[in-house]
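Colleague: Could you walk me through how to read the cores and salt bridges in a model like this one? I would like the general idea and then the case at hand.

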Amino acid sequence: MPLDPVFIGRSYPPSQPYDVSREKIREFAEAIGATSPAYLDAEAAKALGHKDVIAPPTFAIVVSMKTNETVMFDPELKLDYSRVVHGDQNFTHHRPITAGDRLVCVAHIDAITSRMGNDMVTVRTEISTVDGEPVTTARSMLVVRGEDA
């Protein structure tokens with residue numbers, strides 16, 4: 001069943017705060033093979049002008065994933081997750097994610113389109129500090145394969 005475009009513009013409540021730690025950044029950096037001292041060494045990061053170690057740019061997916069799941073499993077949206085493939089992902093960073101940040105995410109459905117029997121849902125997640133400072137805008141496009149795909 002096609003997704004209803006009436007959901008375009010829907011926003012979801014803010015997530016619980018996510019506490020960014022040096023250890024979480026280090027584990028992520030090691031997992032993706034990122035070796036910049038700014039990700040691993042607080043003194044090196046400070047020498048580069050940061051207040052602490054910073055996260056690799058794609059770390060934003062870790063922070064935003066739970067919020068995106070709120071959209072994917074919204075019972076009103078009726079998205080069949082068993083038919084979902086990831087179509088696109090991008091991040092616009094307003095500043096680096098830094099150890100010590102307490103971040104919240106707010107997800108928005110920006111678009112729902114249908115092409116060749118498949119639905120595409122574009123989700124924008126605004127990541128900010130608990131004090132409201134913008135940190136990252138994450139956009140993902142999910143493809144919901146049609147019944148015949």
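Predicted model: local features only at pLDDT ≥ 70, side-chain atom pairs only at ≥ 80, totals over all residues.

Colleague: Which residues touch the most other members in the largest nonpolar core?

Modeller: The general idea comes in two parts. A nonpolar core is a set of buried Ala, Val, Leu, Ile, Met, Phe, Trp, Tyr and Cys residues joined through side-chain atoms within 4.5 Å. Buried means under 20% relative accessible area, exposed over 50%, and partly exposed in between, using a 1.4 Å probe and protein chains only. Here the largest core has 22 residues, and Val20, Ile25, Phe59, Val63, Ile97 and Leu103 touch the most other members.

Colleague: Which elements give two or more residues to this core?

Modeller: They are helices H1 (22-32), H2 (37-40), H3 (42-47) and H4 (60-72), together with strand S3 (102-115). H1 gives the most, with 3 residues. These elements are DSSP runs numbered from the N terminus: helices are H or I of at least four residues, strands E of at least two.

Colleague: What does Ile97 touch?

Modeller: Contact means heavy atoms within 4.5 Å. Leaving out residues up to four places away in sequence, Ile97 touches Val20, Val53, Ile54, Ala55, Phe59, Ala60, Leu103, Val135 and Thr136. Apart from this core lies another, of 15 residues, including Phe7, Leu77, Val121 and Leu142.

Colleague: And how many salt bridges are there?

Modeller: A salt bridge is a side-chain nitrogen of Lys or Arg within 4 Å of a carboxyl oxygen of Asp or Glu. By this rule there are 11. In one of them, the side chains of Arg10 and Asp74 meet at 2.8 Å, N to O. Arg10 lies in the segment before strand S1 (18-19) and Asp74 in the loop between H4 and strand S2 (84-93), so the pair ties together parts 64 residues apart in sequence. Arg10, Asp74 and Glu76 are linked in a network of salt bridges.

Colleague: Is Asp74 buried or exposed?

Modeller: Asp74 is buried, with a relative accessible area of 9%, whereas Arg10 is partly exposed at 26%.

Note on methods. Residues numbered from 1 in each chain as written. Heavy atoms only, no water.
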